[in-house]
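Thank you all for coming. I would like to talk through the pockets of one protein first, and then turn to its salt bridges.

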Amino acid sequence: AGQAAWGSREGDSSTARRRPERRPLSVERTKGSEILFGIAPCSLALSQSRRDLFRLFLKQSSGSRRLATSEFVLQATARGVPVHHVRRRELDALCRGQVHQGVCLEATPLRFKSLEDAEKPDLGDEKSPNRQLIWLVLEQIQDPMNLGAVLRSAYFLGVDRVVTSQRNSCPLTPTVSKASSGAMEVFDVYSTDDLRSFLKAKTAEGWEVVGTVSKPEDVENVPVTSCLEFRWNKPIIIVIGSEGDGLSLETQLLCHRMLAIPPGRALHPGIESLNVSVAAGILLHSICSQKLRHGD
């Protein structure tokens, strides 16, 4: 039966004529390019001038989705980016099965900015040099979904700078941009290959360095404060550690204090901590809300 079925598929030329086999789109990528995917990352990348843009790929659509598609066509045309209307499976192949929402964009990657650039004041700093500054430092965050979610929260809540450690940290990939809902396209991310020296230098400049910990009992030689009780009145750096191990001991010892999120119940062993991006959101909200109140 298997042979018969195989033979019928091979020999039925009329079926082949009725359903011609269409090859998926073959995209020969520009050297050094990557494929962004998703409505927010692609739209924001088109509206900014931070990437070189090569081609926009849109799902062939009709009805209500045509309006969103036409907006993308206008954006791409304004930037001189060629537009290709393709089938869904071709978009799936472009971004390797990620959730593309009908949009992919071929562009150059975004890179981390140098720490020297981070020290330059932005327009807001110049207008109000004495305002409270919050920098977020990420030590060895490796999961792109976590990094994207942290960047989204940091951007939303008003963090002034985000700095990552170069070693064992996730690069700024299309997945990070999608997880950040496009915040990565508008929010600079800085990097340092010497996190310890950076933290020591900021301490010498009068900044307070505050670490984070999920289990206060694991911390030695550094005072631990609940994020609900933490108060600050000078520039601060919040340091968040890796998904599995948290902050390294060397980094902990450079912190003036550690912050913990108090749980709302007695916790069952094995589920005693939060996802790093969720913890970052809670901590940043607790800290940034004071900044907003003081600014009123």
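This is a predicted model: local features need pLDDT of at least 70, side-chain atom pairs count only at pLDDT 80 or more; totals for chains, interfaces and linings use all residues.

The largest pocket holds about 850 Å³ of space, and its lining comprises 36 residues, with V213, S214, K215, S273 and L274 lying nearest the centre. Sorted by class, that lining has 18 nonpolar, 12 polar and 6 charged residues.

The second largest pocket contains about 270 Å³ of space and is lined by 12 residues, of which R29, I35, L94, C95 and R96 lie nearest its centre. Here the largest share, 3 residues, comes from β1, while β1 (34–37), α5 (88–94) and α9 (174–179) each supply at least two residues. The classes in this lining are 7 nonpolar, 2 polar and 3 charged.

Let me now move to the charged pairs. Side chains of opposite charge can pair when their charged atoms come close. In this model there are 10 salt bridges, and I will go through a few of them.

In one of these, the side chains of E34 and R51 meet at 2.9 Å, N to O. Because E34 lies in strand β1 and R51 in the loop between α3 (39–47) and β2 (53–59), this pair ties together parts that are 17 residues apart in sequence. Both E34 and R51 are buried.

R51 also forms a salt bridge with E185, where the closest N and O atoms are 2.8 Å apart. Since E185 sits in the loop between α9 and β8 (189–192), whereas R51 is in the loop between α3 and β2, the pair ties together parts that are 134 residues apart in sequence. E185, like R51, is buried.

A further salt bridge joins the side chains of R55 and E106, at 2.8 Å from N to O. R55 belongs to strand β2 and E106 to strand β4 (residues 103–107), so this pair ties together parts that are 51 residues apart in sequence. Both R55 and E106 are buried. As for shared partners, salt bridges join E34, R51 and E185 into one network.

Methods
Residues are numbered from 1 along each chain as its sequence is written. Side-chain values use heavy atoms; hydrogens and water are left out. On a 1 Å grid over the protein atoms alone, a cavity is a set of points where a 1.4 Å probe fits but cannot get out, and a pocket is an open set with protein on both sides within 12 Å along at least five of seven lines; lining residues have an atom within 4 Å of a point. Grid points are joined across faces, edges and corners, and a volume is the space filled by probe spheres set on the points. Ala, Val, Leu, Ile, Met, Phe, Trp, Tyr, Cys and Pro count as nonpolar, Asp, Glu, Lys and Arg as charged, and the others, Gly among them, as polar. Helices (H or I, at least four residues) and strands (E, at least two) are DSSP runs, numbered from the N terminus. A salt bridge is a side-chain nitrogen of Lys or Arg within 4 Å of a carboxyl oxygen of Asp or Glu. Buried means under 20% relative accessible area, exposed over 50%, partly exposed in between (1.4 Å probe, protein chains only).
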